[in-house]
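Thanks for coming. I will take a few minutes on one structure, and I will keep to what can be read from the coordinates.

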Amino acid sequence: MVRAAIYARISSDREGDQLGVRRQIEDCERLAEQKGWQVTERYVDDDVSAYSGRVRPAYRQMLADLRDGHLDAVTVWHVDRLHRQPKELEEFMELCDSVAVSRLASVSGVIDLSTHDGRFTARIPGAVSKKESDDKSRRATRKHQELAEAGKIAGGGTRPYGYESDKRTVRETEAAVIRECARQLLAGESLRSLCSDLEERGIPTVTGAAWKTQTLRRLLMSGRISGQREHHGELVAASEWPGIITPTETTRIRALLSDPSRRTNRSVRRYLLVRLLRCGQCGELLVSRPKEGGARRYACASGPGLSGCGRTFVMAETLEEFVVEAVLHRLDSPELATTLSGAPIGEDGDAWQGEIESSQTQLDELAAMYGRREIGLTEWRAARAPIEQRVTDARKRLSRLTRTSVLDGHVGNAADLRARWATLPLSRQHAIVAAVLDHVVVGPGRRGLNRFDPSRFQPVWRL
Ligand SMILES: [Zn+2]
């Protein structure tokens, strides 16, 4: 008899129930049955992120039981449930070696730890295979869908306007603003004039910023404010929190705001990959050049005052999706985690700022000495060079720090980010993409080929 353990973990159980873990266990039990293994123990760690390296009691217990010879096999939903840090995986494999346990099964495939191939597979969950990113999005999708259909509150994010931070108690002052805006919008007022009205009256958004038409549009179109749960933009269920306006009003607002004839500012559609695309033929940055008719497009622009070659064009929509997917995938790669663990991500930028300032002071002093003829030009130049180098280095470190902090909470957690991506403002999306990606080299399009050709694009990663 093969005695199998099931190990399940959910990194964050914000919803307050155990949907995730229960599902992992069910799937693992089915898997063990298929393999003819007898499940003798179930180990569950909840609400703990393995990635953060905190202690997982059930995991520790399982290791002890493995060590004591109580187990012959381990079943997990996916290897990433077991470990997120390469170091942990190595420990696990060493232990399995020492007690001759070589059966590790995951719902996404069986891994035989006694073979070189098996170990390799265990080491690269998702590093190169697209499979893991599929699994992640499948897992996230399944979970999000279950929650949505149950009308549950979605986890994460800032406090929704109109509600307290528990996301269910109505904040009456803000609810009044929502009702008023909804009524005025349905009465023919434009989003823009509603925004300037709110600004004049000093009414801020949740973050304290001024209202933008996009923010107000998203708010008024949301099912949340009429007590409806959304999933991928569809209203799927009555929610567990109360509404502020009626579902009928939401339906009317949605119809009104999705009417294409209403869109007057069509030309200001934004471009996510500005400054991130380089022409493969001449090396210039591509710029936004919509086609006649408005379809968004990037181009290597030539002409008066432009230095491009005018030979490279690429349609924006699919390319942006492709690049975002690549970036999200990259965020989950072990290489990125390793790079960042070596980077001063949590480090205070003050040190570098201080370095810049003290170097500036030194440069000023040197200039003053030269001015007073206490040193000659050659000496001045020689003394300046290393200080200027220090300033340049410190600036680089500082900007790297700012860039990587954009990624806080997202590395190794791309499924969550993917689920929220569409709701993020463009500036935030751009910052995340630009933190990971230096640029993409855009090769020439093949004549006559109309579909999207990924081989044209060569990403150059920053991280
Ligand atoms: Zn070019």
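**A zinc site and the sheet beside it**

I start with one cysteine. Cys279 has a relative accessibility of 3%, and since buried means under 20%, Cys279 counts as buried. Keep in mind throughout that this is a predicted model.

Now, what does Cys279 do in the model? Its SG atom is one of the donors to the zinc ion, together with the SG atoms of Cys282, Cys300 and Cys309. The distances are 2.2 to 2.3 Å. Why is the arrangement called tetrahedral? Because the angles subtended by the four donor atoms around the zinc ion run from 97 to 113°. For reference, the ideal angle for four tetrahedral donors is 109.5 degrees.

Along the sequence, the donor residues follow the spacing C-x2-C-x17-C-x8-C. Cys279 and Cys309 are 30 residues apart, and this pair links distant parts of the chain. Cys279 sits in strand β8, residues 277-279, while Cys309 is in the loop between β12, residues 306-307, and β13, residues 313-315. Is Cys309 buried, exposed or partly exposed? Cys309 has 24% relative accessibility and therefore counts as partly exposed.

Next, the sheet that holds β8. Three strands form an open sheet in the order β8-β14-β15, and the pairing is mixed. The edges are β8 and β15, residues 457-461; each has a single partner strand, so one side of each has no neighbour in the sheet. From one strand to the next, the twist averages 25°.

How is β8 joined to β14? The two strands run parallel, with three bridges between them, and β14 covers residues 437-442. The bridge partner of Cys279 in β14 is Val442. So that one cysteine is both a zinc donor and a bridge partner in the sheet.

Helix α11, residues 316-331, lies across β8, β14 and β15, and runs at about 40° to β15. Helix α16, residues 426-436, lies across β14 and β15, at about 85° to β14.

One last item, from another part of the chain. Glu91 is in helix α4, residues 86-98. With 40% relative accessibility, Glu91 counts as partly exposed. Glu91 and Leu63 are 28 residues apart along the chain, and 9.9 Å separates their C-alpha atoms.

That is what I have; I will take questions.

Definitions and conventions. Residues numbered from 1 in each chain as written. Predicted model: local features only at pLDDT ≥ 70, side-chain atom pairs only at ≥ 80, totals over all residues. Heavy atoms only, no water. Donors = N, O, S within 2.8 Å, 3.2 Å for Na, K, Ca; no water. Tetrahedral: all angles 85-135°; square planar, octahedral: opposite > 155°, others 65-115°. Helix = DSSP H or I, 4+ residues; strand = E, 2+ residues; numbered from the N terminus. Buried < 20%, exposed > 50% of the residue type's maximum accessible area, 1.4 Å probe, protein only. Pairing = 2+ DSSP bridges. Axes fitted to C-alpha atoms, helices over the stretch in contact; angles between N-to-C directions. Contact = heavy atoms within 4.5 Å.
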